Amino acid sequence: MSRDPVMTSDAAAALIMARCDELAGISAMPEGILRAYLTEEHRRHNALAARWMVEAGLEVWQDAAGNQCGRLEGTRPGLPTLVIASHLDTVPDAGRYDGILGVLLGIETARRLAPHASELPFAVEIVAFADEEGTRFGATLLGSRAMAGTWDAGWWEATDAAGISMAQAFWDFGLDPEKIHDAARAPEDLVGYLEAHIEQGPYLEAAGRPLGLVSSIAGARRFKLTILGEARHAGGTPYERRRDALIGAAQAVLDVERIGRDRGVIATVGQLDTRPGAVNVVPGEVEFSLDLRAESDTLRDSAWDEIHAALSGFCTQRRLELVIEEIHSAPTVSCSPRLRQALAAGVAETGDHDPITLYSRAGHDAMAMAAVTEIGMLFTRCEDGISHHPEENVLETDVALALQALERAVWAVAAEHRE
Ligand SMILES: [Zn+2]
């Protein structure tokens, strides 16, 4: 088959970089870049994305969750769909590329596929998910969970900082909460899901590779841990009489890091609250968080068992009590061998025949989409691993390579596809 792209991948990469800047410009707040769900910025970036999708040859619509979609029909209209997507929303004071780059790479991939769409045994849809970060309502992956049909009815009551409920925000945006299920896709209508995303970590840069294949997306387990001791007068209580909960928590923080490093899992204590929290009182109670993630659930769960044992042992020695509450648990999601192979063929097209494979330490829309279809993810190198920060940066040359890889990956999926 002959393929002559509308523009070179270098020119397309320059366009993508300029559009990342344009989106950053329309969502510049006094406190930095912010695009939150169901806001004026959301409306404006959907309109821009829709315009770019139309220019690329796609038929466009906004779905019932506010996701911006664009479709390229294959050999004939109405075939099952290969979705290429990421998100357009951001965290507060965000960078320019997290999510956005994946959407714009999708649009340019579609533009390159469009002249040859009659050879595609499936339709291709580019989706700009409206909420991945959960910045406004706390709950995350809202756009992709609507599409996966796993929307949680409890979210309607969630409120933003101004007290506006999710349901009200839907109405204000011109969406009907009653119709949320229209956004859901059936597994039989999907061929698979591909997502390109900045790595948000330093591994590709350290390895000198522009692109990497994702093996799995780590599912986190989160705990609220409380160590109970006894609050007593700091002056009047000798060491041997103390049951200092903060000593236990301090040891716990160190144990968490030690075991995390030993086991090759990511273990983080991000919050710690000491009570009563007075300068002259031995701490009687400390509550702290634990976030655990790893390449596989088995690895993560065995690390937790070891952390649990270490903390229990130490607390017993110190006559402290350990109270454990698990507040979140998500399974690790694996990328499918079929789509990993297709992306490997894509990366090979860029000259890298032995691509680096890594697992995603951060959550992505692909996790939600795994509930309805097979997923594959491609990471692009980002400078110094910085993300969720204004200094987030990527190389234009890497963007050009990612585009070549994605386009090739779609043809690789097509070559293996059985109707
Ligand atoms: Zn993201």
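The model is predicted, so to speak of local features a pLDDT of at least 70 is needed, side-chain atom pairs count only at pLDDT 80 or more, and totals for chains, interfaces and linings use all residues. Residues are numbered from 1 along each chain as its sequence is written, and side-chain values use heavy atoms, with hydrogens and water left out. Helices (H or I, at least four residues) and strands (E, at least two) are DSSP runs, numbered from the N terminus.

**Helix H1**

- Helix H1 spans residues 9-26, which makes 18 residues. From first C-alpha to last it reaches 26 Å, close to the 26 Å expected at 1.5 Å a residue; the expected span is 1.5 Å times one less than the number of residues.
- The buried residues of H1 are Ser9, Ala12, Ala13, Ile16, Met17, Arg19, Cys20, Leu23 and Ala24. Here, buried means under 20% relative accessible area, exposed over 50%, and partly exposed in between (1.4 Å probe, protein chains only).
- An α-helix has 3.6 residues a turn, so residues three or four places apart point the same way.
- Asp10 and Gly25 are exposed on the other side of H1.
- Packed against the buried residues of H1 are strands E1 (28-29) and E2 (32-33), along with helices H2 (40-55), H3 (100-113) and H11 (396-416). Contact means heavy atoms within 4.5 Å.

**Helix H2**

- H2 has 16 residues and reaches 23 Å between its first and last C-alpha, close to the 22 Å expected.
- Among the buried residues of H2 are His42, His45, Leu48 and Trp52.
- Gly57 follows H2 and has a positive phi, near 100°.

**The largest pocket**

- The largest pocket holds about 1000 Å³ of space. On a 1 Å grid over the protein atoms alone, a pocket is an open set of points where a 1.4 Å probe fits, with protein on both sides within 12 Å along at least five of seven lines, and lining residues have an atom within 4 Å of a point. Grid points are joined across faces, edges and corners, and a volume is the space filled by probe spheres set on the points.
- Its lining has 39 residues, with Thr140, Leu141, Gly363, His364 and Met367 nearest the centre.
- Strand E17 (357-360) and helix H10 (365-369) are the elements that give two or more residues to this lining.
- The lining of the largest pocket divides into 18 nonpolar, 13 polar and eight charged residues. Ala, Val, Leu, Ile, Met, Phe, Trp, Tyr, Cys and Pro count as nonpolar, Asp, Glu, Lys and Arg as charged, and the others, Gly among them, as polar.

**The second largest pocket**

- The second largest pocket has a volume of about 220 Å³ and is lined by 15 residues.
- Strand E14 (285-293) is one of the strands supplying at least two lining residues, and the largest share, six residues, comes from E14.

- Arg275 and Pro276 are joined by a cis peptide bond, with omega about 0°.
- Asp93 is not a glycine, yet its phi is positive, about 55°. Asp93 counts as partly exposed at 34% relative accessibility.
- Leu141 also has a positive phi, near 60°, and is buried, with a relative accessible area of 13%.
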